[in-house]
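Student: I would like to go through this structure with you, piece by piece. May I start with the surface and work inwards?

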Amino acid sequence: MKTYWQNYIDGTWVDGGAGRIDVINPGTGEKLAEHALADAADVDRAVKAAQRVHQSGVLSDLRPVERGRMVQAMGRYLLDHIDEIAQVLTLEQGKPLWESHVEITGAARYFEYYGNQAETVEGRSIPLGKDYFDFTTYEPFGVSAQIIPWNYPIEMTARSLSAALATGNTCVIKTPELTPLSNAWFAHAAEAVGLPDGAVNILCGLGQEAGAALSSHPQVNQIVFTGSVATGVAIATAAAQNVVPCVLELGGKSAAIVHDDADLEAFETDVRWGIFFNAGQVCSAMSRVIVHESVHDELVERMVSVAKSLTVGPGVDHPEFGPNMGAMVSEVQRDRAARMITEAVAEGAHVAAGGRKMNQPGAFLEPTILTNVTADMAVANDEVFGPVLSVLTFSTDAQAIEIANGTPYGLVGGVFTSDLNRATTAARQLRAGQVFVNEWYAGGVETPFGGYGKSGYGREKGREALWNYVQTKNVAIKLKG
Ligand code: NAD
């Protein structure tokens with residue numbers, strides 16, 4: 001594997017004005033490679049390149065089907081190179097190789113979906129009587145700045161890049177410091193499908209430096225941010241100063257409500273995917289289970305057996321889907337999660353499974369189930385962003401909803417029951433952007449995703465997301481009588 005990776009600005013691979021950053025393999029704790037670090041001047045060149053391409057009209061003037069075909073081809077490029085991308089993604093991020101394949105396949109799906117949508121962004125004609133002809137069009141904002149987190153670096157970039165390009169924007173992507181390497185394939189894909197130099201720029205830099213420079217750049221026309229609440233507030237503030245719109249996809253503390261009439265055996269699969277996929281580093285992770293007291297013991301027994309069935313080790317050792325979990329992204333993140341477990345225990349939580357750092361090099365944490373958690377504990381309110389599930393109990397439906405809605409977040413929520421009325425009532429009452437009934441993560445690229453409350457605003461995925469990347473223009477024509 002290459003030991004030094006550069007940024008991609010205006011169609012050229014370049015060093016960074018801020019030097020280099022070490023990329024660590026969290027599966028071993030050892031250095032993997034170095035990546036160029038962009039400074040504010042690099043960001044400025046990338047934004048200016050993107051602006052030049054936008055203003056030239058080379059993308060926005062195309063017939064949408066032509067743009068759509070290029071976007072779709074980018075997805076196919078990712079699939080054609082899935083093995084090499086997956087290897088790098090696993091080495092830099094820690095997830096098992098098979099999970100990297102899932103992520104890259106998901107990323108390709110965004111390009112397929114939004115490539116298809118490119119020619120569906122239609123305006124309308126508004127009747128103003130016989131003397132006028134009026135119509136609306138949707139135009140791209142121009143330069144879309146996209147700031148990416150480390151948990152799904154490929155999928156998160158794909159999510160915004162595909163929709164932005166499909167609607168005719170040009171892009172500057174700020175990759176995460178911890179996992180910048182795999183994003184290089186978006187540059188290769190852009191070149192392979194014939195996008196002009198400067199249409200897609202990809203650079204790694206520190207959040208405080210390159211990230212802040214990008215989000216406050218006066219020539220950026222729209223911002224998409226996925227990451228933590230604190231950074232989201234900083235970015236929204238910067239966007240407000242320049243009066244540009246932004247989409248914020250922030251964290252979550254999402255809850256599954258499990259009723260006494262739920263299929264408890266089927267719920268084991270929800271636990272497997274909901275909290276242990278990507279070692280729980282998923283914004284929409286099922287980090288709380290609120291279970292009816294009458295089925296608490298049986299459900300805990302089932303969840304503990306899921307946690308204990310998983311082997312934990314370096315992601316490169318797991319090319320095939322199976323009962324395994326990889327490293328967390330870094331020892332810092334792992335130690336933070338372990339500290340939150342210790343604090344929860346001090347507050348009265350009980351470790352029913354896992355709970356400890358693994359005694360081996362790398363950022364490993366045991367799959368963990370905490371019981372005796374109450375709604376006032378920090379672990380029931382703060383995002384752990386690790387393989388740590390908190391179990392709370394309820395006795396009435398109203399109480400379950402109150403606990404589920406009791407955090408400042410509102411990304412997703414779930415209800416597990418065989419009673420349709422109960423499910424639809426809960427779906428209405430849960431304050432979350434997505435509600436899953438009887439399957440955690442039900443939905444797909446087609447279904448809108450985004451938060452209530454501190455989980456952010458705007459929607460990614462689905463047709464809703466297209467409107468993040470376009471602005472409405474109304475054209476009113478006075479006709480000669
Ligand atoms: P983070 O906010 O620390 O970093 C995210 C990105 O923002 C990184 O690229 C970082 O360099 C950049 N950044 C940091 N400070 C900045 C600043 N002042 N200005 C501009 N950019 C800056 O988040 P993280 O730790 O990388 O990711 C974990 C968080 O992301 C979790 O809270 C998780 O829930 C959230 N997340 C949300 C979604 C979603 O779709 N809702 C998806 C993935 C992750």
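Student: Which strand holds Phe133?
Tutor: Phe133 is found in strand β6, residues 132-140. Strands are DSSP runs of E with at least two residues, helices are runs of H or I with at least four, and both are numbered from the N terminus. The model is a predicted one, in which local features need pLDDT of at least 70 and side-chain atom pairs count only at pLDDT 80 or more, while totals for chains, interfaces and linings use all residues. Residues are numbered from 1 along each chain as its sequence is written, and side-chain values use heavy atoms, with hydrogens and water left out.

Student: Is Phe133 buried, partly exposed or exposed?
Tutor: Phe133 is partly exposed, at a relative accessible area of 40%. Buried means under 20% relative accessible area, exposed means over 50%, and partly exposed is in between (1.4 Å probe, protein chains only).

Student: Which residues form the nonpolar patch on the surface?
Tutor: Phe133, Ile477 and Leu479 form it, and together they have about 230 Å² of accessible area. Areas come from the Shrake-Rupley method with a 1.4 Å probe, and for residues only the protein chains shown count as cover. Patches are made of residues with over 30% relative accessible area and no salt bridge; nonpolar side chains (Val, Leu, Ile, Met, Phe, Trp, Tyr) are joined within 5 Å, like charges within 9 Å.

Student: What does Glu139 in strand β6 pair with?
Tutor: The side chains of Glu139 and Lys473 meet in a salt bridge, 3.2 Å from N to O. This pair links distant parts of the chain, as Lys473 is in strand β22 (residues 470-478), 334 residues from Glu139. A salt bridge here is a side-chain nitrogen of Lys or Arg within 4 Å of a carboxyl oxygen of Asp or Glu. Lys473 is partly exposed at 38% relative accessibility, and Glu139 is partly exposed at 31%.

Student: How many salt bridges does the whole structure have?
Tutor: A search of the whole structure finds 21. One of the pairs is Glu268 with Arg302, whose closest N and O atoms are 2.7 Å apart. Glu268 belongs to helix α9 (residues 264-276) and Arg302 to helix α10 (residues 296-309), 34 residues apart. Both count as partly exposed, Glu268 at 23% and Arg302 at 22%.

Student: Where do Lys357 and Asp335 lie?
Tutor: Lys357 lies in the loop between β16 (350-353) and β17 (368-371) and Asp335 in helix α11 (residues 331-346), so their pair ties together parts that are 22 residues apart in sequence. The closest N and O atoms of this salt bridge are 3.1 Å apart.

Student: Which residues are linked in a network of salt bridges?
Tutor: Arg20, Asp22, Lys31 and Glu34 are linked in this way.

Student: Let us change topic. What are the domains?
Tutor: The domain assignment gives domain 1 (4-249 + 456-474) and domain 2 (254-442); such bounds come from an automatic or database assignment. Their centres, taken over C-alpha atoms, are separated by 30 Å. Domain 1 gives 23 residues to the contact and domain 2 gives 33, where contact means heavy atoms within 4.5 Å.

Student: How many residues has the largest nonpolar core, and where does it lie?
Tutor: It has 128 residues, and those with the most contacts inside it are Leu195, Phe267, Val289, Met303 and Ile369. A nonpolar core is a set of buried Ala, Val, Leu, Ile, Met, Phe, Trp, Tyr and Cys residues joined through side-chain atoms within 4.5 Å. A second, separate core of 27 residues includes Val14, Ile223, Ala239 and Val244.

Student: What does Ile369 touch?
Tutor: Leaving out residues up to four places away in sequence, Ile369 touches several residues, among them Phe276, Met303, His350 and Leu389.

Student: And Gln434: buried or exposed?
Tutor: Gln434 counts as buried at 11% relative accessibility, and it lies in strand β20 (residues 434-437). Beyond its neighbours within four places in sequence, Gln434 is in contact with Leu411, Val412, Gly413, Thr447, Pro448 and Phe449.
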